[in-house]
Structure formats: C-alpha cells, structure tokens
Amino acid sequence: MKKLDWEQMGFYIAGYARNGVEALELAEEMQIDVVMTDIKMPYMDGLELCRRLKESYPKTRAIIFSGFDEFEYAKEAIKIEVEEYMLKPVHVKELREVFERIKSNLDREMDEKRNIEKLREYYMQSLPVLQENFYTSLLEGRIPGDSIEQYARNYQISLKGPYYIVTVLHISKGTDGEEMDPFLLAVSVRKLAEEQLAGLWDSKVVTYLGDSIVISQLRKEEPVNRFTDVMDRLCRMAKRVCNARVTAGIGHICSSPMQLALSYQGAKNAVSYRVLYGNTRAISIAETDPQENADLPWEEPYIQKILKKIKMGETGPLKEAIGEFISRLGGSRMSLQKYRILIMELITEIFRFGANNQMNLEEIFGKDSDVYTRAMQLESPEALGQWLKDNCLKMQNVILHERQDSTKSFVKKAIEYVAEHYPDQDLSIETVCGHLNVSASYFSTVFKKETGKTFINYLTDYRMEEAAGLLLSGNEKTYIIAGRVGYADPNYFSYVFKKQYGMSPSKYKMMKLGKN
C-alpha cells in the first residue's frame, strides 16, 4: 500500500480488510476494480474470497500473494480466473508491471463503452428495425393475438415463455454523465444491460420512448426476488460504468405475449416510486404496490394521472394533476350529456380505486352521501376541482398511513425473526428474505429506512448485545457463548466483539463486574 505511487499509476486504495469476511463486506459497499489478497487469512482464505468475488462481481480482478509454491494453489487460482498469482517476496517492479497491464485493460474497456462513435456504430448495427418495431408494438398492445406467433417466426424471435415480465430502465435527468449526449448515454446503458443480462431469462432489450425496456421470459411462475436483485445490481453498475442514475421498474409477471402491455404499464408505475425509494435501484411493482390492478387501466390520461398521484403520497403533485384535469374540462366545451357521463365514469373509477386499495369509502365520502348526486350539483369546474381535492387528499392520506403501517409490519416481522433465529449460524439477509418472500434489494432499502441500520449491522448489534448479557449473567466459556449467539468460530466472535466494544470478551466481563 505504501511502496507504490497508486495515484500516479491511475489507481487509489479504496479500502483495507483484515480478513476475507471484511473484504466481502467492503465489496458490497464499493465497486472494486482490483483486489490484492494473501491466501492464508483467518475466517476466510484468499482463494475462497476470490471465488466469492468472481460469483458476485465478475469484472473484479484478483491478485493473490502467496508464500506457497504449490501446484494445487496455482491450479485453483487459474480455475477461478485470478488475474495474477505472485510468490512472496513481492517485488515492487513486478507488481507495478502487473498494475500497468490491468490499467491498460481497464482503460480499453472503458474507452469502448464511452467512445461516442463506437456507440453510434453499435446502435446502428444492433437494432434491426423489424425486431424493434415488433417489440414496441407488443408493449403498446397493437398486435392481434392470433398474429403474434407468425410475426415472431418471420422476425426470428423466440417467444417460448411460458411466463414474461417487463422491466423499464429509466435514466434520471441531471445524471452525472452530462458531458455525453442524452441519446448516446441511453445507448450506453442499453449496451451495458445487454452485456449483463446475456443468457439470463432470454432477455431482449429495446429502446422505447427514451427508456431501455427489458422483456424477459421465465421458465416458471415464481416470486421475482432474484430477478429484482439482478436488476438492482445492474442499476448500481450503470452508475459506475456509464455515470447514469438508472431506476429499474419491474412489472407484473404475465402468461402471454398479449399481456406484455399490462406488465409494461406496471413497470412504468414502479419507476414512479423512485420519488419514495430513490433512484439507482430496482423497484418491483409486485412488492411496492401489491394492490395494483394492471387489468383496469383508465383510458382518460388525466384521470389516470390523478389516481397515480394518490398512490404516490405527495400532496403537491396530486393537486397539480387535479388542476390539469379541471383546466382541460373547463376548456373542452362538451355537451351536458357528455359531462354527466364523464362525472359518472370519474366517480366509478375513484370508487374502484378505493375498493382495490381496501378503503372504507363511507369514511371518506360520508355514510349517507349520494356521491354522484353531490358531484352533479357542483356548479362550476372550480367547485368540482375543490371537491376532488378534498376527497382525493383523504384517500391519499389513507394509503400513506397503510403503507407506513405495512412497512413497519414488514420490518417488525424481520426483527422478530432475528430475535427468534439469531443463534442460527446460517442466518443471513437471504434467509430472512426467503421467509418474508421479498427480494434482498427491496428488503435492504425498507429495513435501513425504518431502522437506520443495514440488516447485517442490526444482526451483529443484536448478537453482541445478547453475548454481552450472557457474559455477565453466567460463567460460560467464550466459545460456548459464541455458539449460542450464532458464531461457529470463537476467534471470529472475539474479533467482532472487540470491534463492537473496544475490548475482548474477558476484559469486558472483568470491567463490568468490577474484577481486577
């Protein structure tokens, strides 16, 4: 770390870990280009660390230092595609040459991704017009069901399914890559998506209305936890590689190419939730808004916008959407008969929306109120607008409280699960997500938002509190306590305990009990 001028070579030290377990935790927090590691380390050796990194972060280069000139070690290193296997003592000149080679490869890869002319050439070559039109027509629902198979055969497109799901990759405005033309930035994100999703779920990426749309085919109908986690990783990679803040909105699973338009609508709605959960992440509509009924889209875009803003939970945008609707209504010059039909349809859709979200409509509109008659008696568009604001804000408030209660219940279940299973050495975020039937990315976002801690930090704190209590309440050995709070390795338990409390378990016990 000290003998090389890393900045001069084009690198910087992102972090330092004392063992493989800590290194994996660092890799989750940062996007690492190169990892240097010994083979022999406590808790997790270097080969296992490299294997884990290769599984989760295939682009990360690994350099292994070893004092062992044994064929089996080198053979295993080659198997897991280690960049370099260097015998100790390591010479500065040799190490510098290795990093110069890695830097050259990284620069070449980055140049390929960001070279504007190459992106333009790639775009023209990789988007056959007929295939692109076919996919966008499916998203718009414009192809008759009995014609889809024939079109797919003519355009050499495989639609075996049997289940399908649509993901919208939306680039937020004001992204870090402002020096690049927005059109070419979108191409860069699309190319990255195609590279990362190659071979996964028969995914096809198309460009539509400025977004990259991923149409994926699933072999069986199942919770989309793993799918969501892969898309979440793609969003974080887009931030690093393309300098773009990407939100991946994931729609509902459907069982026919004819229903892709409905899955696409759900994916667009999921993207809208970035105002609550932030961008640079994946958001699944099935997890975020399980009540959404994608089969009932409202034909009038102004009304659809009002209903969407009720869901989003922000007062200003809801009032603005109602204002747009009233402005359009006031300038429409429609007949009285058409006005009455519109009001009837408006109230029907509002009531259907309330029922779908399990609201008590009598509490909102009044137990003895004839809502239709009341709305028809309003004598101006302004009066109708005020009536809409009053009642839609009530509905928005109900949804907001229900969402908060649902989130708190969600986190409460996770906390209860930890309290019951913390002695289990295999307890992990994947275990809890499997129990709750949610994706790790969504769970992590919600859990940290509610508790202020990552799940791993919470679990460690809980185990350490339990360990401290056991230390002070009995005379059990440290290795016994380690096992009782979920640690198989007593040495690692002592390491974590000291990191938490600043002293070893034995010293902690002596200090707390007043022993010399």
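Student: Which strands does helix α3 lie across?
Tutor: Keep in mind that this is a predicted model. To place a helix on a sheet, look for the strands under it and then compare directions. Helix α3 (residues 46-56) lies across β1 and β2, and it runs at about 160° to β1.

Student: What is the strand order in that sheet, and how do the strands pair?
Tutor: Read a sheet from one side to the other. Here you get an open sheet of three strands in the order β1-β2-β3, and the pairing is parallel. At the edges sit β1 (34-38) and β3 (84-87), each pairing on one side only. Neighbouring strands in it are turned by 20° against each other on average, if you ignore direction.

Student: How many bridges join β2 to β3?
Tutor: Strand β2 (residues 61-66) is joined to β3 by four bridges, and the two run parallel.

Student: What order do the strands of the five-stranded sheet have?
Tutor: That open sheet goes β5-β6-β4-β7-β8, and its pairing is mixed. The edge strands are β5 (204-208) and β8 (281-284), as each of them pairs on one side only. On average, its neighbouring strands are turned by 25° against each other, direction ignored.

Student: Which helix packs on this sheet, and which strands does it touch?
Tutor: Look for helix α10 (residues 225-241), which touches β4 (163-171), β6, β7 (246-250) and β8. Its direction makes about 165° with that of β7.

Student: Why is β7 described as largely enclosed?
Tutor: Count its buried residues. Five of the five residues of β7 are buried, so the rest of the structure largely encloses it. Now go face by face: V246, A248 and I250 are buried on one side, and T247 and G249 are buried on the other.

Student: How do α9 and α10 cross?
Tutor: For two helices, check how close the axes come, then the angle. The axes of α9 (residues 182-196) and α10 come within 10 Å and cross at roughly 130°, which makes α9 oblique to α10. The crossing is right-handed. L192, A193 and Q196 of α9 make the contact with L234, M237, A238 and V241 of α10.

Student: At what angle do α22 and α24 cross?
Tutor: Roughly 95°, with the axes of α22 and α24 (residues 490-501) coming within 11 Å. That makes α22 roughly perpendicular to α24. Residues in this contact include D461 and M464 of α22 and F497 and Q500 of α24.

Student: Is D461 buried or exposed?
Tutor: Compare its accessibility with the cut-off: buried means under 20%. D461 has 17% relative accessibility, so it counts as buried. It's found in helix α22 (residues 455-473). The D461 side chain makes a polar contact with the side chain of K453, at 2.8 Å. Leaving out residues up to four places away in sequence, D461 touches K453 and Q500.

Conventions:
Residues are numbered from 1 along each chain as its sequence is written. This is a predicted model: local features need pLDDT of at least 70, side-chain atom pairs count only at pLDDT 80 or more; totals for chains, interfaces and linings use all residues. Side-chain values use heavy atoms; hydrogens and water are left out. Buried means under 20% relative accessible area, exposed over 50%, partly exposed in between (1.4 Å probe, protein chains only). A polar contact is a pair of N or O atoms within 3.5 Å; within protein, one must be able to donate a hydrogen and the other to accept it, and residues adjacent in sequence count only if both atoms are side-chain atoms. Contact means heavy atoms within 4.5 Å. Two strands pair if DSSP finds at least two bridges between them. Axes are lines fitted to C-alpha atoms, for helices over the stretch in contact, and angles run from 0 to 180 degrees between N-to-C directions. Angles under 35 degrees count as roughly parallel, over 145 as roughly antiparallel, 65 to 115 as roughly perpendicular and the rest as oblique. A crossing is left-handed if the near helix is turned anticlockwise from the far one by less than a right angle, and right-handed if clockwise.
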